[in-house]
Structure formats: structure tokens, C-alpha cells
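Student: I have a structure open and want to learn how to read it. Can we go through some features one by one?

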Amino acid sequence: MSGVPRNAAPPAVGALPFLLPFGVYVLHTLEELPGFAAWATRQFGPETTSAFAAYHVPLMLLVLACSWRATRRDRHGVWVVLATAFQWQFAVNALFHLSTWVVLGEYSPGAVTAAVVALPATAWYLAWIRREDRASAREIALALVVGTLVAAAAIGFLFL
């Protein structure tokens, strides 16, 4: 007996798309990191690059934990809802970046990964999760509500 719990087996390859929200988050934050704080300060309220980085590290770990747990669960449940909510949050965040770029007339750091990564990844993810029956319609609806609230909180945080 190795002492490793039976549920500690690695996730099935078919569940790895649950890690997409984490991958999107990392790429998006890498684009934002060099210029987002200065842009946000000009447009909304004071922000520093070090503070931006400091609060993104635990958030990234949270997204990774939820995504990883969703791969372990494989189908349905709270972890699947949370991973889906985070992926949806990136779609809403993408709309924020693209709309502020247009409305404010200044490039919004994060807009490129928003358009090229987050929106297509979200469309693919939602199609995958339904096609593979990884979440019910009710779970997806709940995830969309939670993800929209998370995005709203993140955008609201810019005004503090």
C-alpha cells in the first residue's frame, strides 16, 4: 500500500480543458502586467504594478485550485461551476477591455489577449463543457451569474 488515496490519481486527459481558465489568466496577466497599473491610474484610480502583481498571485492560485479540482471531479459539481465561472469572467473582462479601448480612445492593456485568447477560449470551453456533458444547463447558468459577479467586482475594484 503506497499510502496515496485512491482519489489522488491524475486527471483523465479528457478533463484537462478545465485548466483552460488558469492558462487564460496567466497569459492575460502577462500582457497586463507591464502597463495596466499606469493605464488604470490614468483612467480610474490609483494602482501600482506591485499591488497589481500581489493580488493576482493568490487569485491565480485560486483559479488553478478550482480548475484542478474540476479535473479531478470530472463531471458536474461545485468545482466545475467555479472553473466555468472563472472562464466566463474572462469573457466579460474581455468585453471590458475592448469597450474601454474604444470608449476611452486609449489601448487597454489586456485587450489583445482578451480578443485573441479569452473570447475564443470561452466559446470553445462552453461548447466543450456542453458537448462532453461536464455540466448541466443549470450549472452553466449558475457559473455565468457567478462569473459575471466576479468580473463586476474586479472592474469595480478599479474605482477604489
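Student: Is E132 buried, partly exposed or exposed?

Tutor: First, keep in mind that this is a predicted model. Now look at relative accessible area: under 20% is buried, over 50% is exposed, and partly exposed lies in between. E132 has 32% relative accessibility, so E132 counts as partly exposed.

Student: Which residue forms a salt bridge with E132?

Tutor: The general idea is a side-chain nitrogen of Lys or Arg within 4 Å of a carboxyl oxygen of Asp or Glu. Here the partner is R131. The closest N and O atoms of E132 and R131 are 3.5 Å apart. R131 is exposed, because its relative accessible area is 54%.

Student: How many salt bridges does the rule give?

Tutor: The count comes to 2. Another pair is E106 and R42, whose side chains meet at 2.3 Å, N to O. This pair links distant parts of the chain, 64 residues apart. E106 sits in the loop between α4 and α5, while R42 belongs to helix α2.

Student: How exposed are E106 and R42?

Tutor: E106 is at 23% relative accessibility, so E106 counts as partly exposed. R42 is at 53%, so R42 counts as exposed.

Student: Next, helix packing. At what angle do α1 and α5 pack?

Tutor: Compare the N-to-C directions of the two axes; an angle over 145 degrees counts as roughly antiparallel. Helix α1, residues 20–32, packs against α5 at about 175°. Their axes are 9 Å apart. The two helices are therefore roughly antiparallel to each other.

Student: Which residues make the contact between α1 and α5?

Tutor: On α1, they include L20, V24, L27 and E31. On α5, W124 and Y125 are among them, along with A111, V117 and A121.

Student: Which residues make the nonpolar surface patch?

Tutor: Look for nonpolar side chains that lie within 5 Å and have over 30% relative accessible area. Here V57, L61, L64 and W68 make a patch of about 360 Å². V57 is in helix α3, which spans residues 49–73. With 49% relative accessibility, V57 counts as partly exposed.

Note on methods:
Residues are numbered from 1 along each chain as its sequence is written. This is a predicted model: local features need pLDDT of at least 70, side-chain atom pairs count only at pLDDT 80 or more; totals for chains, interfaces and linings use all residues. Side-chain values use heavy atoms; hydrogens and water are left out. Patches are made of residues with over 30% relative accessible area and no salt bridge: like charges are joined within 9 Å, nonpolar side chains (Val, Leu, Ile, Met, Phe, Trp, Tyr) within 5 Å. Accessible areas come from the Shrake-Rupley method with a 1.4 Å probe; for residues, only the protein chains shown count as cover. Helices (H or I, at least four residues) and strands (E, at least two) are DSSP runs, numbered from the N terminus. Buried means under 20% relative accessible area, exposed over 50%, partly exposed in between (1.4 Å probe, protein chains only). Axes are lines fitted to C-alpha atoms, for helices over the stretch in contact, and angles run from 0 to 180 degrees between N-to-C directions. Angles under 35 degrees count as roughly parallel, over 145 as roughly antiparallel, 65 to 115 as roughly perpendicular and the rest as oblique. Contact means heavy atoms within 4.5 Å.
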